[in-house]
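Visitor: I have not looked at this structure before, and I would like to understand the words used for it. Could you show it to me and then take my questions?

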Amino acid sequence: MNNETRTLFFSFFNEIGIIAQLSRTALEARLPKGLTLPHFSVINHLIRVRDGQTPLAIARAFQVPKTTMTHTLNGLAENGFVEIRPNPEDGRSKTVWLTDAGRRFRDEAIRSIDPDIETFRARYPEDKIRALVPDLADIRAVLDANRD
């Protein structure tokens, strides 16, 4: 690989990283006091993928230690956003289930960034974003498949 190609691809991922950091900061600033982006991200993951997963499976999806995920899940349970139930298939583990309050929390968090989206939308119309999303989803899928 030549240096120009390496620089191009590095720049591409660097821009994505900066965009991710800026968008995370904007969302986290609008979350209710005491709730963090990891809380929102777990709820969003459970809605996007499915609930009923074990804490270990969720930790692996986020590539964090199980103890870190347990702490995040306990915070979600204390807020009534998830229920942690015994795993019917393995009595040694638990499963995580969304509550209606957890679903509302996600919806409200997404609505809370409407002002940011409106500012962004003034510069980038929906058709342009709609055209980008499939390529970004494909890039995510490739990176996800190659992470282990």
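Guide: What follows is a set of questions about the terms used here, each with its answer.

Guide: This is a predicted model, in which local features need pLDDT of at least 70 and side-chain atom pairs count only at pLDDT 80 or more, while totals for chains, interfaces and linings use all residues. Residues are numbered from 1 along each chain as its sequence is written, and side-chain values use heavy atoms, with hydrogens and water left out.

Visitor: What makes up the secondary structure of the protein?

Guide: There are 7 helices and 2 strands, where helices (H or I, at least four residues) and strands (E, at least two) are DSSP runs numbered from the N terminus. From that end the elements run α-α-α-α-β-β-α-α-α. Taken along the principal axes, the C-alpha atoms fill a box of roughly 55 × 40 × 25 Å.

Visitor: Why is the pair of phenylalanine 12 and phenylalanine 13 called edge-to-face?

Guide: The structure holds 4 aromatic pairs. In this one the ring centres are 5.0 Å apart and the planes stand at 75°, so the pair is edge-to-face. Rings of Phe, Tyr and Trp (its six-membered ring) pair if their centres lie within 6.5 Å, and planes under 30 degrees apart count as stacked, over 60 as edge-to-face and the rest as tilted. Ring pairs also link Phe40, Phe81 and Phe105 into a cluster.

Visitor: How do you know that the buried residues of H3 line one face of the helix?

Guide: In H3, the residues Pro55, Ile58 and Ala59 are buried. Seen down the axis of H3, the buried residues fall within an arc of 100°, so they line one face of the helix; the arc is that of the directions from the helix axis to the C-beta atoms. These residues pack against H2, helix H4 (66-78) and strand E2 (90-98).

Visitor: What comes after H3, and why does glutamine 63 count as exposed?

Guide: H3 is followed by glutamine 63, which lies in the loop between H3 and H4. Its relative accessibility is 53%, so glutamine 63 counts as exposed. Glutamine 63 also has a positive phi of about 55° although it is not a glycine.

Visitor: Which residues does serine 112 touch?

Guide: Serine 112, found in helix H5, touches Leu27 and Arg30, not counting residues up to four places away in sequence; contact means heavy atoms within 4.5 Å. Serine 112 and arginine 30 are 82 residues apart in sequence, yet 6.3 Å apart in space, C-alpha to C-alpha.

Methods: Buried means under 20% relative accessible area, exposed over 50%, partly exposed in between (1.4 Å probe, protein chains only).
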